[in-house]
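Dear colleague,

Please find below the structure that I am handing over to you. My notes on what was found in it follow directly after.

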Amino acid sequence: AQIPVDFLSEDDVIEGLAKDYKVIYVTQQYLQSKCLDSLQKWCEAGGTVVAMAGGGYWNEFQKENPAAAKFYGATGSKIDT
């Protein structure tokens, strides 16, 4: 469809550089805990997150991140690979 996209790093989101975006796609199963907190605040301000491929269910220490299931409104955080 030739729709231009930007790539934001986790640090970009943590530093507040996502403020001018309407939608962010999370495309990896690992996500820094601080980034998940920043995404939640960003969503509360009107942003939309679309998660796939595990969507940050694992934190930066390769441990389950229970905050991700709560953030997405999911009842579980099991990832099948």
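Predicted model: local features only at pLDDT ≥ 70, side-chain atom pairs only at ≥ 80, totals over all residues.

**Notes on the structure**

Q62 is exposed, because its relative accessible area is 58% (exposed means over 50%, buried under 20%, and partly exposed in between, with a 1.4 Å probe and protein chains only). The residue belongs to the loop between β2 and α3; helices (H or I, at least four residues) and strands (E, at least two) are DSSP runs, numbered from the N terminus.

Residues are numbered from 1 along each chain as its sequence is written, and side-chain values use heavy atoms, with hydrogens and water left out.

A positive phi also occurs at Q2, where the angle is near 55 degrees. Q2 is located in the segment before α1 and, with a relative accessible area of 81%, is exposed. As background, most residues other than glycine have a negative phi.

D6 is likewise in the segment before α1 (10–14). Its relative accessibility of 54% is why D6 counts as exposed. The side chain of D6 makes a polar contact of 2.8 Å with that of Y21; the term denotes a pair of N or O atoms within 3.5 Å, where within protein one must be able to donate a hydrogen and the other to accept it, and residues adjacent in sequence count only if both atoms are side-chain atoms. Between D6 and C43 there are 18 Å from C-alpha to C-alpha, at a sequence separation of 37 residues.

One salt bridge is counted, the term being a side-chain nitrogen of Lys or Arg within 4 Å of a carboxyl oxygen of Asp or Glu. The salt bridge links the side chains of K19 and D20 at 3.8 Å, N to O, and both residues are exposed.

Beyond its neighbours within four places in sequence, I24 is in contact (heavy atoms within 4.5 Å) with L8, V13, A18, L39, W42, T48, V49 and V50.

S38, in helix α2 (residues 33–44), counts as buried because its relative accessibility is 17%. With neighbours within four places in sequence left aside, S38 is in contact with V13 and I14. N65, in the loop between β2 and α3, counts as buried at 7% relative accessibility. Under the same exclusion of neighbours within four places, the contacts of N65 are L31, S33, L36, G56, Y57, W58 and N59.

Finally, M52 is found in the loop between β2 (48–51) and α3 (66–72), and its relative accessible area of 37% makes M52 partly exposed. Together with V23 and Y25, M52 forms a nonpolar surface patch with about 290 Å² of accessible area. Patches are made of residues with over 30% relative accessible area and no salt bridge, with like charges joined within 9 Å and nonpolar side chains (Val, Leu, Ile, Met, Phe, Trp, Tyr) within 5 Å. Accessible areas come from the Shrake-Rupley method with a 1.4 Å probe, and for residues only the protein chains shown count as cover.

With kind regards
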